Amino acid sequence: MKRCAALAVFLLFLTGLSGCARTQAAEATFFAMDTVMSARVWHGAGGAADAQAVQSLVTELEQTLSVTDERSELYRLNADGQAELSADTLNILQQTLALSARTGGALDPTLYPAVRLWGFTTGDYRVPSEAEIAEAMAAAGTEHVSIDGSTVTLTDGAMLDFGAVAKGYAAQKAADELAARGAAAAVLSLGGNVQTLGSKPDGTPWKIDVRDPFDGTRAAVTLSLTGSHAVVTSGGYQRYFEEDGVRYSHIFDPETGAPARSGLASVTVAADDGLLADGLSTALYVMGLDAAADFWRASDDFEAVLITDGGEIFVTEGLSGSVSGAEVQVIGR
Ligand code: AMP
Ligand code: MG
């Protein structure tokens, strides 16, 4: 009888534990792609392993896509001008070229020679001469990229950089992988990239802060969203240097080969796909408010929050019911 009671208590304990594992989130925080990342995954038993899987996947992509690591696939392509690419890199290249065409070249993966010239890959920042910029930009333009099967050829000294889309691709791949492993829900935060999967188990919406570009300690607005989304911010404040009182940021204008000065301080894009949201946030930042609003009017696959250098906050119509925390101006169709 006593033994039976003990067994019952033990079974209750086990049930309690498994019930707990089902509602608790597994978390992993790590450093990759030059930024702090975190993953929160709601799962049954084995959830902890899933949060770790996000780290492995992102680290593996980083090793493939790094422009500075001599062992990476992209480094080899840039150095040799030709390489056979893995499925991931080829997939990123094809999607990025398509988005580059769609954005009229505002997103341009061939700006790397210019980005490097200004010191953004090494941290040896400087303002180059007009002649140096012209030389670096001679190699820019997607016409210098050709794809034949899985072989990619770069001509005239062109070099690729997927800095504008890599985190978005990684976040999407991680979310897809978690879904395939049976995760109930997840929220990934990879630097400025947030990716949600499914619905938050407590039934409340995901709360996603859009950082105030002028004060890193606070949110400019907060988005409340349900379901799976990619929410990605590009901002001049994320990486920049200052010389003679001028701020030079890491997002480049393909027209000038210099840091973009579009009047925008940050752009946040919400879309169903990570690479799309990441690529568009960069492109819209380059375009500036009016061109970005027109681009949105001609599209149906994303919404955006745009914050101007003057601190005005604009949101596209589809987000107007999801935004809180400050006065905003709505961009209509
Ligand atoms: P993001 O933070 O996603 O806006 O991407 C910015 C990064 O992408 C920079 O650090 C550069 O490596 C690269 N980049 C800068 N300007 C552009 C551009 N116009 N198109 C594509 N990549 C860019
Ligand atoms: Mg981007």
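**Exercise 1.** Is Q95 buried, partly exposed or exposed?

*Solution.* Before we start, a bit of housekeeping. This is a predicted model, where local features need pLDDT of at least 70 and side-chain atom pairs count only at pLDDT 80 or more, while totals for chains, interfaces and linings use all residues. Residues are numbered from 1 along each chain as its sequence is written, chains are lettered from A and ligands numbered from 1 in the order in which they are written, and side-chain values use heavy atoms, with hydrogens and water left out.

Step 1: find the residue. Q95 sits in helix α4, residues 87-102. Helices here are DSSP runs of H or I with at least four residues, strands are runs of E with at least two, and both are numbered from the N terminus.

Step 2: apply the cut-offs. Buried means under 20% relative accessible area, exposed means over 50%, and partly exposed is in between, using a 1.4 Å probe and protein chains only. Q95 has 28% relative accessibility, so Q95 counts as partly exposed.

Step 3: look across the chain. Q95 and V165 are 70 residues apart along the chain, and their C-alpha atoms are separated by 9.5 Å.

**Exercise 2.** Compare M33 and D34: in which loop do they lie, and is each one buried or exposed?

*Solution.* Step 1: locate them. M33 lies in the loop between β1 (25-32) and β2 (35-42), and D34 is found in the loop between β1 and β2 too.

Step 1: check the backbone. Phi of M33 is near 50°, a positive value in a residue other than glycine. D34 isn't a glycine either, and its phi is positive at about 70°.

Step 2: check the surface. M33 is at 15% relative accessibility, so M33 counts as buried. D34 has a relative accessible area of 53%, so D34 is exposed.

**Exercise 3.** Which atoms coordinate the magnesium ion (ligand 2)?

*Solution.* Step 1: list the donors, meaning N, O and S atoms within 2.8 Å of the metal (3.2 Å for Na, K and Ca); water is not among the atoms, so sites may look incomplete. They are A164 (O), D278 (O), D278 (OD) and T282 (OG1), at 2.0 to 2.4 Å.

Step 1: write down the spacing. Along the sequence, the donor residues follow A-x113-D-x3-T. A164 is in the loop between β5 (151-154) and α7, D278 is in helix α8, and this pair, 114 residues apart, links distant parts of the chain.

Step 2: compare their accessibility. A164, at 21%, counts as partly exposed, whereas D278, at 5%, counts as buried.

**Exercise 4.** Which residues come nearest to ligand 1, and which polar contacts does ligand 1 make?

*Solution.* Step 1: pick out the neighbours. A residue is near a molecule or strand if one of its heavy atoms lies within 4 Å of it. There are 14 residues around ligand 1, and D108, D161, S234, F252 and T282 come nearest.

Step 1: sort the shell. It divides into seven nonpolar, four polar and three charged residues. Helix α8 (residues 274-287) gives the most, with three residues.

Step 2: find the polar contacts, which are pairs of N or O atoms within 3.5 Å; within protein, one must be able to donate a hydrogen and the other to accept it, and residues adjacent in sequence count only if both atoms are side-chain atoms. An oxygen atom of ligand 1 is 2.6 Å from an N or O atom in the side chain of S234. A nitrogen atom of ligand 1 is 2.8 Å from a backbone N or O atom of F252, and a nitrogen atom of ligand 1 is 3.0 Å from a polar backbone atom of A106.

Step 3: see how covered the ligand is. Taken alone, ligand 1 exposes 500 Å², and the protein buries 92% of that.

**Exercise 5.** What does the side chain of H43 reach?

*Solution.* At 14% relative accessibility, H43 counts as buried.

Step 1: trace the contacts. The side chains of H43 and D50 are joined by a polar contact of 3.3 Å. The side chain of H43 also reaches the backbone oxygen of R181 at 3.1 Å.

How values were computed: Areas by Shrake-Rupley, 256 points an atom, 1.4 Å probe, with all protein chains shown as cover. Nonpolar A, V, L, I, M, F, W, Y, C, P; charged D, E, K, R; others polar.
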